[in-house]
Every structure is written in C-alpha cells, then in structure tokens.
Amino acid sequence: MLTLVGVLFALLVWAGRPAAHDLPADVVVHAFVKPEGQRLRVLVRVPLEAMRDVDYPTRGPEGLLDLTRIDRALADATSLWLVPAFEIREADTTLARPRIASARISLPSDRSFVSYEQALAHVTGPPLDAGARIYWNQSLLDVLLEYDIRSDRSALTINPVLARLGVRVATAVRFLPPGGGVRAFEWVGNPGLVRLDPRWHQAAWRFVQLGFSHILGGADHLLFLVCLAIPIRRLRALVPAVTAFAVAHSITLIASAFDLAPSALWFPPLIETLIALSIVCMAIENMMASTFAHRWVLAFGFGLVHGFGFGFALRESLQFAGAHLVASLLAFNVGVELGQVLVLLLILPPLALAFRHAASERVGTIVLSAVVAHVAWHWMVDRGAQLARFSIEWPQLDAAFAAATAGWLVILVVAAGALRLLRAFRDAML
C-alpha cells in the first residue's frame, strides 16, 4: 500500500513538470532591440512552458518552481532555445554568440514589457521573491542578451527562428534606433530576413518581389486579367486597358496605405465580393458586347476596387518598409505590373492558338467567358454570404466622418484626373 501511494505521489509530481513532447498551442514573444554604442541589447519575454527539454527545479508536493535553484535552468533554457533563435547581422557579418546578461522568472501579471525602459529595469533589477508560489507552465522567462557590435549606426538584420516554440508563435519586436523613436514589427511564425532599418533600395526590392508574388498567387486578380484578354488577345491592343487597371489600383492601394480607406470590419469582405463581381461583369461584357473600344474605362473602374484588395494584402507587410513607405508602395506596384505582364505573355499565345484552331471568334469568347463567369459567380456568392454576417451601420456625423469624407474626395479627384490622362494616352495609342 505504501509503495502504491509512493508511485501515485511520484506521478503527480512528474505531471507538474515540463514534458519534452508538450508543444504549447499559442505562444507570444515580446522583444526589444536597441543598439547602444558598441553594444546591442536584446530584451526577450517568452512563456517558460515554451522552453522544453529543461529540468526546472521544483519544491513541495504541488510542484512549485524552486526560485532559489532556478538560475542554472534559466541559463540552460536561454542557451538552448533563445540564443540560437536570434541570428543577427551587422552589415554582412553575423554577430558572435551573445552574453546572457540576465534571466528572470516573472509572473503572468507583470506588465514591465510595455516599454524598453521598464523592461530593462525589470530584467536587471531584483529577481522574484523566492517564496513566490508559481508553476513552471504559468510563468514568464525574461532575458537580456548583449551582443558586441562595431557601431550603433550600422545596418542591422535579424533572422528570428521562433516558430519551434509552439504550434502558433506570434512575435512582437520593437526596434529602437539611436536617432530616437520606435519601429514596431509583428509576425506569426518565422518571417525570414528582417532588416530593422532598411535602405531605400533594400525596401524597394523586397516590395517588388512581394508585388510580383502577390499577383501570381491571387487567383481572382489573375482571372480578371484572363477575362480582360479573352476577346482582344493582342498585347498592343490590351495596353490601354491594362494601363488603366494599373493606374486605378495604384490610386486605391496608396489610399489604403495612408489609411484613407474605411476601417470597418465589413469593408474587406465587401471589397472581396466586389472583386468577384467585377470578374462576372467583365465576363458578361465579353459575351454581349460587339466592340471593346471603351474597355479601358471599365478596367479603370474595377481597378479602383482591386486596389483596395491589394491594400489588404500589403497592410501587414508595410512594417518592413522602414522609413521608405512611398518607395515601397511604388515598388510593390512595379512588382504587380511585372507580374501582370508575365501573365499576359504566358496566356496570350495559347489563347491565340485556341481561337485559331479550336473555335471561332464569337463562340470561343462566349464559352471561355461563361466558364470564367461561372467560377467568379460562386466566389461572389460565397463572399457575399460572409459579408452578410456583418451589420453595416450609418456613420455618425462627426469629425471622423468629415475626415473620411475628405479622404474619399481626394481619391475621387485624383481618379478623375487620372481618367483624363488615360483618355489622352489612349487617343495617342490609336
């Protein structure tokens, strides 16, 4: 009987210890990065339960953390999980392994990581009282890492690998450059190479790639381009419509980046529904119209809608633009246009061959457009069902409404001016 009681007691104690195979579902990591002279300080806060394969000392039958013997375990956890997770480069040189200046256990209620100054004072201050009642899976690990650097003005790049800490790992990093201010970054998983203070050409190149990959991965935008090209199929004849579409989506994309678009929750599903509707309308025009001389006007109008869609995709990536927001927006547009040109170059020859050998001009246009309309119609219905879940209320007539109205008037004026310029461009093409 005593043996059985002893075994049960051991099992209870073991159950309160971290297991190697336990993977937390959601992990949130907070970090500050601040260069100071020839030293780079990195403050990190992470749930202790994400630091697995470490033997944390406990006390008492409840398995509380033994804070009098915790220092070695915290150093091991930091060396095993955090130090390898932060690969930092100064220019093109990878920084040497950092010093673990301090490691602390904190209560979940601690709010010191709201600012760099408070976090630094907390991590370098006195540790948690040894008598605190805290379990390993209910505590936070706060760490100060110090790297040697040549200058606090150097270009710093970070390649964080934190996704292994949990099933879903969200990271918030705040970079404090020597000139003052705070630059905030947020991502889920591993973001790849992040330039904390990119040069304009580095930011531009990143956003060219982003725009190029986005247009190639956006099924609705690709289908719109296909629908645009079905009845025309000649690159020179498509130039006015494609240019009008590009100019229009650039206007609303930039407007979204500068927060001129509505911030209501119903606006993104509304735009997604309208994008699908734009494809349906374009397909119907393909089947019914006898001439496409004014297709560029239709492409311009729908381009304004698609631009908001591009803006939603770009919103989370603008944090990587640094101080070069305008250059990054223009670069993203360049990437989108390059992607569109590539798509047209790939689809125009097969379309021309199909119309030459498989179907007549009218029959081929109707059949292909009907297939496109069928696909887009289902998208529109599904997205409309999502939109119907939101309640759209009339805005209040206040200062915020006046500011939003002014922003929309600016967009309309710019759009009208662009439309006049495009008309002149089209006339010159003819």
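E337 sits in helix α9 (residues 325-357); helices here are DSSP runs of H or I with at least four residues, strands are E runs of at least two, and both are numbered from the N terminus. This is a predicted model, in which local features need pLDDT of at least 70 and side-chain atom pairs count only at pLDDT 80 or more, while totals for chains, interfaces and linings use all residues. Residues are numbered from 1 along each chain as its sequence is written, and side-chain values use heavy atoms, with hydrogens and water left out.

**Around E337**
- Leaving aside residues up to four places away in sequence, E337 touches A246 and H249 (contact means heavy atoms within 4.5 Å).
- From E337 to V208 the C-alpha to C-alpha distance is 9.5 Å, although 129 residues separate them in sequence.

**The sheet**
- Four strands make an open sheet in the order β6-β5-β9-β12, with antiparallel pairing (two strands pair if DSSP finds at least two bridges between them).
- Its edge strands, β6 and β12 (194-195), each pair on one side only.

**Strand β5 and its partners**
- In β5 (residues 86-90), F86, I88 and E90 lie on the covered face, and E87 and R89 on the uncovered one.
- β5 runs antiparallel to β9 (residues 156-160), joined by five bridges, and F86 stands opposite P160.
- Two bridges link β5 with β6 (residues 93-94), again in the antiparallel sense.
- Across that pairing, E90 faces T93, and R89 has T94 as its bridge partner.
- The β5-β6 hairpin has two residues between its strands, and A91 in the turn has a positive phi of about 60 degrees.

Technical notes: Buried < 20%, exposed > 50% of the residue type's maximum accessible area, 1.4 Å probe, protein only.
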